[in-house]
Amino acid sequence: MAMLHPIKEELLILTKTYPSPSAKYRETTCVAALNRAGEMRRLYPVPYRLLDGDDQFEKWEWIKASISTTDGDARPESRRIDTDSIERLGKVIKPKDGDWGERLRWIQSHIVPTYAELEARRTSTGKTLGFLRASKIVDLKITHVKQADWTEADKIKLTQDGLFDSVEIKQRQPLRKLPYDFHYRYECATSAGVPETNTHKLTDWEIGALYWTCIKSYGPKGWEAKFRYRLETEFARKDLLFLMGTIHRFPDQWLIVGIVYPPRPVPGAAKQLGLPLGL
């Protein structure tokens with residue numbers, strides 16, 4: 001996969017997906033970001049857990065890095081990142097007193113109200129990243145994966161020797177496979193007044209991390225109730241936005257690659273921000 005036209009960009013990190021085994025990089029994740037011009041970027045591959053601690057950027061953090069288009073991914077947002085070039089700029093956008101205004105201003109132009117419009121935009125413009133507003137969570141579907149542990153081929157990938165790994169990296173826990181798939185069934189409000197219902201898989205790293213936290217804290221019998229409470233009850237109180245992205249090999253199939261969950265707005269505050277009342 002050749003790298004084309006490398007440039008330096010400042011990037012606002014929006015999300016990263018749960019890692020997967022890689023023959024070349026041991027394990028990789030996909031990162032979604034915005035550049036200073038407000039353009040979406042899909043950064044891949046990123047061996048995030050294999051980066052030294054000082055290089056592990058946060059969600060809503062600005063970084064600078066050298067990125068390039070590639071000849072192996074025609075999706076317009078996709079870029080290959082030189083992880084050795086990553087500079088953390090030390091500027092994390094944090095809500096002040098619950099005010100998500102600055103974060104929302106960066107993503108506002110990428111929000112569409114329904115999945116039908118998201119897909120229509122893809123077919124007309126080629127865009128394969130965007131935010132979708134969920135008006136209601138119907139339920140969370142939790143299903144066992146077909147194979148609970150990594151295949152032998154995956155284990156070989158994950159245990160490759162890293163000649164230049166620091167002691168810190170070598171001591172990190174091996175990547176664990178999630179034993180479940182998680183899907184949201186949700187509704188989007190439409191102009192016709194009849195809600196649009198969709199089901200999409202969650203691949204956000206935060207969801208995987210929440211699962212492992214619940215398992216550790218509440219055990220195999222108690223984890224699911226706590227996990228569901230977070231995703232079905234607590235998130236239902238938020239102004240829930242899904243960051244949607246397509247699968248490389250299947251460009252018409254979408255995943256929930258990230259979740260943004262600001263509090264439901266006070267109408268007056270939304271007006272002061274110059275944002276639609278839905279934000």
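Predicted model: local features only at pLDDT ≥ 70, side-chain atom pairs only at ≥ 80, totals over all residues.
Let me start with the bend. Helix α5 bends by about 125° at glycine 219, and a proline, proline 220, follows within four residues.

What does α5 span between its end C-alpha atoms? The value is only 18 Å, whereas a straight helix of 30 residues would span 44 Å at 1.5 Å a residue.

Now the start of the helix. Aspartate 204 caps the N-terminal end of α5. One of its side-chain oxygens lies 2.9 Å from the backbone nitrogen of glutamate 206.

Which residues of α5 are buried? They are Trp205, Ile207, Gly208, Leu210, Tyr211, Trp212, Cys214, Gly219, Trp223, Phe227 and Leu231. Glycine 219, where the helix bends, is on that list of buried residues.

Isoleucine 215 is also in α5.

Arginine 228 and glutamate 224 meet through their side chains in a salt bridge, 2.8 Å from N to O. How far apart are arginine 228 and glutamate 224 in helix α5? They are four residues apart, about one turn of the helix, which runs over residues 205–234. As a general point, an α-helix has 3.6 residues a turn, so residues three or four places apart point the same way. Arginine 228 is partly exposed, at 22% relative accessible area, and glutamate 224 is partly exposed as well, at 32%.

There is another pair in α5. The side chains of glutamate 234 and arginine 230 form a salt bridge, with 2.8 Å from N to O. Glutamate 234 and arginine 230 are four residues apart in the helix, so about one helical turn separates them. Glutamate 234 has 25% relative accessibility and counts as partly exposed. Arginine 230 is partly exposed too, with a relative accessible area of 26%.

One more pair, by residue number. Aspartate 149 and lysine 155 meet in a salt bridge between their side chains, 3.4 Å from N to O. Aspartate 149 is partly exposed, with a relative accessible area of 40%. Lysine 155 is partly exposed at 30%. How many salt bridges does the count come to? It comes to 20.

Last, the protein as a whole. There are six helices and 13 strands. Of the 279 residues, 47% are buried. Of the contacts with a separation of 6 or more, 68% are between residues 24 or more positions apart. The protein exposes about 14,500 Å², and carbon and sulfur atoms supply 52% of that area.

Terms used:
Residues numbered from 1 in each chain as written. Heavy atoms only, no water. Helix = DSSP H or I, 4+ residues; strand = E, 2+ residues; numbered from the N terminus. Buried < 20%, exposed > 50% of the residue type's maximum accessible area, 1.4 Å probe, protein only. Contact = heavy atoms within 4.5 Å. Areas by Shrake-Rupley, 256 points an atom, 1.4 Å probe, with all protein chains shown as cover. Salt bridge = Lys/Arg side-chain N within 4 Å of Asp/Glu carboxyl O. Expected span 1.5 Å × (residues − 1). Bend = angle between axes of the 7 residues up to and from the residue. Polar contact = N/O pair within 3.5 Å; in protein donor to acceptor, adjacent residues only side chain to side chain.
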